[in-house]
Amino acid sequence: MALVVICGQPCSGKSTAAICLAEALKESEAKPIVRIIDEGSFHLDRNQSYADMPAEKNLRGVLRSEVDRSLSKEDVVIVDSLNNIKGYRYELWCLARAAGIRYCVVFCDAEETHCRKWNEERREKGKAAYDDRIFVDLARRFERPDRRNRWDSPLFELWPHKEGVTNSSTAITEAVSYLTKKVDSKSRDVKVLQPTIATQNTRFSEANSLYELDRATQEVISAIVEVQSQALGGPSNGISVGVGLPTITISRSVGLPELRRLRRTFIKLTGQTSLSGRPPPSDAESAKRMFVDYLNRELGAA
Ligand SMILES: Nc1ncnc2c1ncn2[C@@H]1O[C@H](COP(=O)(O)OP(=O)(O)OP(=O)(O)O)[C@@H](O)[C@H]1O
């Protein structure tokens, strides 16, 4: 039915907003099944999850895979996490688009001084709080949503430090209305995302790009599996997949299920025009190059 991305600074009231939205949705006429996906769903510790870039990437990957698995035409999925990176919100939007469902962003726009104070109070009460170093780093790197971007739209804004957050906050009520409104030909304000040809796995276009993408990524996976089996499960650096192509540098041994999952996500993400405006790869070589770059980003040490 829909994907809702909650975003905001650390300790800005995101979980409070997610719970209020879930309750308000359940009280609405449509009464959808609502599922909140957050770090807590995986028993992940805040400070460990944001300790460094590999840990943070891993957290994003875990949440994204769970979102991908959970999206359906019937339920509302709320991702309650920082969702602070523009490119990551784009990836989530792509998943909603591939699923052909509604999408919106709820932004907890609390001022940093308040977030810091709430974090301190949380610590004083003996609850899990962000370490100072991590709080400062996350606050600095936050990329505010901008409603002009498809992946930040529609945008419902909350100001927790000014108005608090309740089930009847204006942004929550507006989000519920947007998510549950019956769509007919006159509902121009509600957008149900439509999968592009490239995101519909069953509809191969006359253009070769999906076929090439599929085959090229499969070849890359096979190369990794082969080298890893020779390295007896240890990390395998510098795997070559062709002359003139970048090598694969991954910091650990990666199992086939994880490689398949990454491949599936990559195909979904690149099977359409990307954030940078780049078209999907149209030949095997560029497909391999993009997939290797993607794997190095997702699995590399940096
Ligand atoms: N409007 C508010 N007024 C006062 N305190 C608040 C408000 N919103 C949240 N808090 C406090 O801030 C703390 C964090 O709230 P919450 O868990 O909703 O934030 P969060 O953004 O989800 O945090 P995190 O980034 O850790 O996931 C809680 O202790 C809560 O009591």
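This is a predicted model: local features need pLDDT of at least 70, side-chain atom pairs count only at pLDDT 80 or more; totals for chains, interfaces and linings use all residues.
## Ligand shell

The ligand is surrounded by 13 residues. Lys 14, Ser 15, Thr 16, Arg 46 and Tyr 130 are the closest. By type, the shell holds five nonpolar, five polar and three charged residues.

## Polar contacts and burial

At Ser 12, a backbone N or O atom lies 2.9 Å from a ligand oxygen. At Lys 14, a polar side-chain atom lies 2.7 Å from a ligand oxygen. Trp 118 faces a nitrogen atom of the ligand instead: an N or O atom of the Trp 118 side chain is 3.3 Å away.

Taken alone, the ligand exposes 630 Å². The protein buries 75% of that area. Helix H1 (14–27) and helix H5 (112–124) are the elements that give two or more residues to the shell. The largest share, three residues, comes from H1.

The structure holds one cavity of 30 Å³ or more. The volume of the largest cavity is about 40 Å³.

Which residues line the largest cavity? They are Tyr 50, Glu 56, Arg 60, Leu 63, Ser 81, Leu 82, Asn 83, Asn 84 and Tyr 88. Helix H3 (residues 53–70) supplies the largest share of this lining, with three residues. The lining divides into four nonpolar, three polar and two charged residues.

Notes: Residues are numbered from 1 along each chain as its sequence is written. Side-chain values use heavy atoms; hydrogens and water are left out. On a 1 Å grid over the protein atoms alone, a cavity is a set of points where a 1.4 Å probe fits but cannot get out, and a pocket is an open set with protein on both sides within 12 Å along at least five of seven lines; lining residues have an atom within 4 Å of a point. Grid points are joined across faces, edges and corners, and a volume is the space filled by probe spheres set on the points. Helices (H or I, at least four residues) and strands (E, at least two) are DSSP runs, numbered from the N terminus. Ala, Val, Leu, Ile, Met, Phe, Trp, Tyr, Cys and Pro count as nonpolar, Asp, Glu, Lys and Arg as charged, and the others, Gly among them, as polar. A residue is near a molecule or strand if one of its heavy atoms lies within 4 Å of it. A polar contact is a pair of N or O atoms within 3.5 Å; within protein, one must be able to donate a hydrogen and the other to accept it, and residues adjacent in sequence count only if both atoms are side-chain atoms. Accessible areas come from the Shrake-Rupley method with a 1.4 Å probe; for residues, only the protein chains shown count as cover.
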